[in-house]
Structure formats: C-alpha cells, structure tokens
Amino acid sequence: MFTLFLLSSEGQSPLLRDLVVILAAAAVVATVLQRLRLATIPAYLITGAIIGPGALAFVNDPDSVRAISDLAIVLLLFGVGLHMDLSVLSRGLRQMALTTVLMTVLCTALLWPFALLLGERPAGALVVAMAVTISSTVVVLRVLLQRRELNHPEGRLTFGVLIIQDLAAVVMLMILPPLARWAGTGGKGPLDQPGHSTGQLIWNLTANGALAVAGITGIILVGRYVLPRLLTEAARGKSSEVLVVLTTAAALGAASLTQGLLNNAAIGAFLAGFLLSATPFRHQLSGQVGALRDVFSAVFFTAIGMTLSLDVIASSWITILLGTVIMMTVKTAATAFSVWATGGTGNVAIRAGAAMSQSGEFSLLLLSAAAAPAIALVSADTVGVTVAITVLSLILTPPVIQASAVLGARLKRIPPAPWARQAAARDEQPIAPDARAEHVRHAIIAGFGLVGRAVADELKRLGVTYTVVDLNPATFRTQTRLGRQIVFGDVSNPDVLETAGVAHAELLVLTIPDEESVLRACKIARELKPDIFIIARTNFVSQGVVAAGMGADGVVVEEMATAREMEIVVKKVLDMRLSDTTRQRAMS
C-alpha cells in the first residue's frame, strides 16, 4: 500500500520513490526465491527485470538511481579490498596466480569469437569476453561456506583465484578508455583534443600522469600512516559508530580523488579497503560496513536487472540458453585445464572449474561501465543478452557445484601435470584450521576483563586453545604483544566470529557486560555453528531467560551470583559477630 501510494503521489522525490520501489520489490522477490535456495544476487537481477521499463515499468528511468548505484560500486570495491588477506593467499600463491592468468587468457580467447556473433565490434566483443571470464566471488564463496569446503584444496584455490580475478577486474576497468579510443567510440584523452601542439600534448600527459601518481601516493601514505592512528583513537570510545563514519569517509574520499584523477572511483575505493585490510580493525569494519554495502548492492544489482528487456529475452532466448551453455562449458574446461596444468589433481581441477563456471557481479560492473555513454563499447542489446546469461549462470551455480563433487570423486586418480606434481602434493595437504578442528579443542572468549582472564586461565590449565575477542584497543595491543590469539571487534559481528574460528570452535564464552551484544552473539553464533556450546553472562534473570531462548546453553546471571556472594559474606560476618558475642559472654 505504501509503495502504491508513493507511485501515485505527486510531488514525491523521484529518487525516494524509486528507492522505495526497488528495495521493497527486491526484499519480496528475494524472500520468495529463497524458498528455491536461489542466491540474493540473481534474485535482485530478476527483480530489476520485473519492475524495470521492459516489464511492469514501476521504475521507468534506471538512471534515476545511478548515484546510488555508483555508491554501491564504491562500497563493493572497498569491501573487496578490505577482505584482501595476503597471509591467506600466501599458501599456493604461485599456483593461484598462474591459474588466474592462464584461465583468463584461455577463456577470453575462446569466448571472443562467440561474442563477435552477438554483432559487436572486435573491441566490444573483447570486453564481453573479458567480462564473462570473471566469476562471482560473492555467490561462490557463499556456496563453499555452506558446503564447508572453503578449507579444502579446491576451496582454497578457488578463493585465491577469485580474489586475484577481482584485482584483474580493476585493471580491466582501467583499460576501457583506451579500448574505447581504439574503437573510436569514446574515452577521449589529451591526444584526441584538437588545437594543441605536440609539445603541449606531451606536457599535458606528463602533468596528468604526475598528478595521478602523486594522488595515489598520497592515498597510500594516508592509509598507511594516518588512518590507522585515527581509527585507534576512534576505537577508544564506547560507540563503534565513529569507526563506521571514519571508514566510510576514507573510502568515499579515496574514490572521489581517483575519480577526479583517473576518472575511476573504483580504484580509490579498492585501494582504501586494501590499506585498511592490514589493520586490526578490518574484521570489525567488514561487518559494520557490510550491512551498508549490502543495502546499496541490492539497489545496484536491481538497477542492472532493469537493463533486461523482455523483448530481448523473448527474441533471443535461444541465444541466451546457448550462450549460457557455451560460456559455462568453456569456463569449466579452461579453468579445469589451467588448474591441472599448474598442479591440481583431476578432482581439484574439475571442482574448481565448475565452481568458477559462471559470470558474476564484476562482469555486470564491467559491462555497465563499457555501455556508459562516455565509453559506448557495448550495445544495450548485447548487455541485455549478457546480463540474462549471467543471471542464468548464477542460478545454475549451486547444482553445478554439487554435480562436480560427484564427478570429482571419479577423477581423483588423475594426477597433476608432470611438471607440477611436487607443488600439487604440497598444496593437497590440509591447512591448520582443519587439523585444529579435528584434533584440538578450541574456544572463543568474548571480553578479556577479570572474568575473561579467569576463564582463559582455566582453559589453559585444561589444555584447550582459545581466541579472545575484544573491542578495547589497549587490550588488543597488550595481548598481541604477549602472544595471545586475539581478534579486535564486536563478538556479535558475524565477520569477527568467523575470523575468531567459530567454524571449528566447541565453546563460546560471552563474558562481556553488554547484554545486547550478548543476545545478538548467541543468535548469530548458533546460526553459524549450530552445535557450539554457548555460555552467556547477563546482569538479570529476565535477560538470562532471553539469552537461553536465543541459543545459550548455559547462563551465568550476575544478580544471582551477587546474591550468593552476598549470602556467603553476610553469613560469614554474622558468624564472626556471633562468635565474638559468645566469647565476650563467656569471659564475663
């Protein structure tokens, strides 16, 4: 009713009206499609197709939400940079990098001729081929986490390749203007401007290049030396809102700077996230900014879905079906060959190839940028067909991964390429978290005050390893210096819990006095690890009952503990007084 009111009301802000329609429709469609176990990104794309100008036309002008979409791109790239962890990628980095390069070259070369069949010029077809080469980091990682396969050899390799592909996507965004100049469609630079002498053009190029280098250097210096200190100061306060505000300002500031220098906001946003990924605040920030990013991403993917035209789908459904089959087949085969050639067994190769057989969110981002008027490398019809292929490939990803597990079991005996077998044997070894999960008990302690330290001492005495989660920067620095395993952040933040090792933890002890965070942590931890044993601390009996309902297995209530201690102290004092009185009477 509220949406219909906005649609029919005059004087309403077009942006506000469109945002309400987009978010409401996206929420409804995603909720319905969750019943079919469909990921949210294809659900948003389908939403855009339904409410866009090609169907119900609830939103007639997708450009009206372009500002929000641009902000979503900035936050998306910032999140990718924030998740960059070189320590995770260091294991098997050589194979990941070689696999990425080889599969990118093979997929682009093999898919380029098919892209030409869509009627695009060579430059536009090349962009389409490069775009669909990039797989979906979001969808694939969610599927691997749900299947608990992220720490398996194929999961580790897939994760590394996806991250490197995201880096490659940033490079691809940067080469769009030169490709547009080659194709003569846009991307005009200083060399294309009439009325300038050769010396003037060279001077302009040199000055612009020096200015860009200075700007990037400034971002790196500020992100490396200034921003961590500001975040440390902001973290001293009790409210975590300041961290979010400061971080978002840094991301938008870096994006704005590179937008002015390089006409590309995504580079600055990614760089800001990457610099912050080296700070202890990364996990807390990832969870806090993640909610904001998810909301804007819903707008972005829905707006992309609006480019789908029912007329194009109706007239090109055979092309879309064939294109999906060709793309997923080529990508699976090329990726599997690349993994095998760089040291993967037959099992790892086919499962990694199937996991990365789809095109993803950065494919849509690259196509959107290539179709922009300033670039104009790809036509709207080609974007529509390619977006439809992407949506269909994302829908097919979970069953394809499931099927690859069955096929991979039959290909275990296929050895890696002869020239890479030594590296393959090393990479097939399980990593530490798997071994720890199987052989060593592990616990998470939220809060490292007096209670948390007492729990830690008892766990150490029992031989149980533990990770501390705390929001106090001073505690983090001190315990890190002492060699304890500690994560900075709010324990009710899913990213923080996952970083602390909730996937292999047997026990979660919530010692923090903040009851709201305790209740949220109980619910989230139970969702992330259904069989984990949770002990919660609450101030009152009523909150203890709520905590038990939220998933706590054991509750320690401070008012009850205080009552028992009071009883003991009062009894002790009264016994002492009674003894003194009895003794005095005996003496008299």
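My entries follow, from the whole chain down to single residues.

**Ground rules.** I am working from a predicted model, in which local features need pLDDT of at least 70, side-chain atom pairs count only at pLDDT 80 or more, and totals for chains, interfaces and linings use all residues. Residues are numbered from 1 along each chain as its sequence is written, and side-chain values use heavy atoms, with hydrogens and water left out.

**Whole chain.** I looked up the secondary structure and got 25 helices and six strands. Both are DSSP runs numbered from the N terminus: helices are H or I with at least four residues, strands are E with at least two. Next I checked burial in the chain of 588 residues, and 48% count as buried. Buried means under 20% relative accessible area, exposed means over 50%, and partly exposed lies in between, using a 1.4 Å probe and protein chains only. Then I took the contacts between residues at least 6 apart in sequence; 71% of them join residues at least 24 apart. Contact here means heavy atoms within 4.5 Å.

**Cores.** Which residues touch the most other members of the largest nonpolar core? I found L45, L77, F78, V127 and L377, in a core of 128 residues. Helix α9 (residues 153-183) gives this core its largest share, 13 residues. I also noted a second, separate core of 24 residues, with V487, A500, I524 and A552 among them. A nonpolar core is a set of buried Ala, Val, Leu, Ile, Met, Phe, Trp, Tyr and Cys residues joined through side-chain atoms within 4.5 Å.

**α6 against α9.** I looked up helix α6 (residues 93-116) and its packing on α9: the angle is about 55°, and the axes are 9 Å apart. Axes are lines fitted to C-alpha atoms, for helices over the stretch in contact, and angles run from 0 to 180 degrees between N-to-C directions. The two helices, α6 and α9, are therefore oblique to each other. The cut-offs are under 35 degrees for roughly parallel, over 145 for roughly antiparallel, 65 to 115 for roughly perpendicular, and oblique for the rest. On the α6 side the contact includes L93, M96 and M103; on the α9 side it includes L157, V161 and I164.

Is helix α15 (residues 346-355) mostly covered or mostly open? It is mostly covered, with 10 of its 10 residues buried. I listed R351 and N347 among the buried ones. Helix α17 (residues 380-410) packs with α15 at about 170°, axes 9 Å apart. That makes the pair α15 and α17 roughly antiparallel. N347, I350 and R351 are among the α15 residues in contact, and V400, I401 and S404 among those of α17.

**Q402.** I then picked Q402, which sits in helix α17. Q402 is partly exposed, at 41% relative accessible area.

**α16 against α17.** Helix α16 (residues 361-371) packs with α17 at about 175°, with axes 11 Å apart. I logged α16 and α17 as roughly antiparallel to each other. L364, L367 and A371 of α16 meet V383, T386, V387 and T390 of α17.

**Cysteines.** How many disulfides are there? I counted zero, taking a disulfide as a pair of cysteine sulfur atoms within 2.5 Å. I checked two cysteines for burial: C107 is buried at 0% relative accessible area, and C522 counts as buried at 0%.
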